[in-house]
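Let us walk through a protein model together. Take it one step at a time, from the overall form down to single residues.

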Amino acid sequence: MEEKDQYPYGLINHALSGAINILLEDYICLITQLEEKLNRRELTFLRLLSFIEETMDKFAMLACITKDLSKSGARGSAVLNLLHDRMLNLAECNPFKNVMMELTQAAADPYMSMLFEWLNRGIIDDPYEEFMVVDTKTGITDEYWEKRYAIIPQNVPTFLKMHENVILRTGKYLNVIRQSGQEVRSPEQQKPIFSTTDASYSEVIERTYNFASKQLFELFMDEKNLMGRLRSVKRFFLLDEGDFILQLISKCEEELKKNIDDVRPKCLQMLFKFAIEDSSANNDIYKDDIICTLQPMTLMGQAQRILSNETEEDRLPISGLQGFTLGYRDTWPVSLVLASKNIACYQMIFRHLFFCKYVEKLLCRVWIRDKVMKSFPPSASHTCSSAFGLRQCMLHFIQNIEYYMMFDVIESNWQTFCNKIQMASVVL
């Protein structure tokens, strides 16, 4: 007790030392009472044995536990795991099971206090680094959701192992809300208390998780209008409105025909803005968050780079048409959903759709030019019939594959997604 009560051994060892100290005080009281009986000549050897027999067994158990703790140098959740295992190994009829339960509850109390703060406010109050969740201090970046808060496996008590992911997400949800400028606290008033039955704290964890999840869902859907932003992404990246892409190709084609290194970004952005203003996309309230950008690699090169996890850039000479795509300005906390890796997927879809639309427009231009052949003699037109047929087959193919992508794939999945959002009320 004197050893583990020192600073480096952590709050859990301190709490256990305090609980053992109470047992020692009870022991000292017993000695005092026995001394009084001895002075009054009321204490025989047999009565002495009857008085101290239970205490002897209790202190033998404590000696065994403290010996194992000192030998292993356990601290934090390792102490709780040892106490938990010892208690489970005691038979229900064992007279010291209650003593063991009190020791374990006392040792677990600081941990449960840290858990309560995390579940209710998303705050880590862990001066000795004993809690299961650690704050890596990563700023508000694309890696915030994956890396800002992490589980420390060796700090997870065995009796909370099955809840660790729910515990992690609960605090993360509350922190996202706090990082958005809102103070939030779960209405849960009951601090979890260690028990051999999982239900005693699993209900508390479940209630706090449901609260945090619902609050974050309402933040995204109501205040930050996530669906409105996703519709904007669909409108621009997935070419939801046909007049926008026609205006875009018409105004930006000449600039994009240049080598990608010769394309002027400011000029391109201005032409992109004009294309929006001349189309129905001008009514989009989030249109200013969409920007033009150029990828210094082909679409195939970008896909291969992602699949192979390479970092070297593909610097093959390409035109602006091959490298043109859109970007999205980050807005917290929507950037957790529309993170850079997700936007990269939208960019690749856009590049594919954009190039298909451009090829379709080129084929339509050929069709318009071929109409001049109507003024030629039939014999001259007949010599070009195979070329006309090939052009028509190409146009038919590109239009059908565009229809398949836009309606059978994108629109179908969008409707499925919207239906799931309408039925949802929490963030999973």
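How far apart are the mean positions of the positive and negative charges of the protein? They are 6 Å apart, for 48 positive and 57 negative charges. Lys and Arg count as positive, Asp and Glu as negative, and His and the chain ends are not counted. Each charge is placed at NZ of Lys, CZ of Arg, CG of Asp or CD of Glu.

Some ground rules come next. This is a predicted model, in which local features need pLDDT of at least 70 and side-chain atom pairs count only at pLDDT 80 or more, while totals for chains, interfaces and linings use all residues. Residues are numbered from 1 along each chain as its sequence is written, and side-chain values use heavy atoms, with hydrogens and water left out.

Now the overall form. The C-alpha trace spans about 140 × 40 × 40 Å along its principal axes. The radius of gyration of the protein is 35 Å, while a compact globule of 428 residues would have one near 22 Å. That radius is taken over C-alpha atoms, and the globule rule is 2.2 Å times the number of residues to the power 0.38. The protein holds 15 helices and four strands. These are DSSP runs numbered from the N terminus: helices are H or I with at least four residues, strands are E with at least two.

How much of the protein is buried? The share is 43% of the 428 residues. Buried means under 20% relative accessible area, exposed means over 50%, and partly exposed lies in between (1.4 Å probe, protein chains only).

Look at helix H8, residues 226-237. Eleven of its twelve residues are buried, so H8 is largely enclosed by the rest of the structure. Among them are Leu226, Met227, Arg229 and Phe237. The length of H8 fits too: at 1.5 Å a residue it should span 16 Å, and its end C-alpha atoms are 16 Å apart. The expected span is 1.5 Å times one less than the number of residues.

Phe354 lies in helix H13, residues 340-370. Its relative accessible area is 1%. Which residues does Phe354 contact, leaving aside its neighbours within four places in sequence? They are Leu239, Ile245, Leu248, Ile249, Leu256, Leu321 and Phe324. Contact means heavy atoms within 4.5 Å. Ile245 is 109 residues away from Phe354 along the chain, yet their C-alpha atoms are separated by 7.7 Å. Thr104, in helix H4 (residues 97-121), has a relative accessible area of 0%. Beyond its neighbours within four places, Thr104 touches Leu83, Met87 and Phe194.

Finally, the backbone. Most residues other than glycine have a negative phi, and most peptide bonds are trans. Leu239, which follows H8, has a positive phi near 50°. Asn225, which follows H7, also has a positive phi near 50°. Arg41 has a phi near 60° and sits in the loop between helices H1 and H2. Arg41 is exposed, at 79% relative accessibility. Lys137 has a phi of about 65° and lies in the loop between strand S1 and helix H5. Lys137 is exposed as well, at 65%. A cis peptide bond joins Trp332 and Pro333, with omega about 0°. Pro333 is in the loop between strand S4 and H13.
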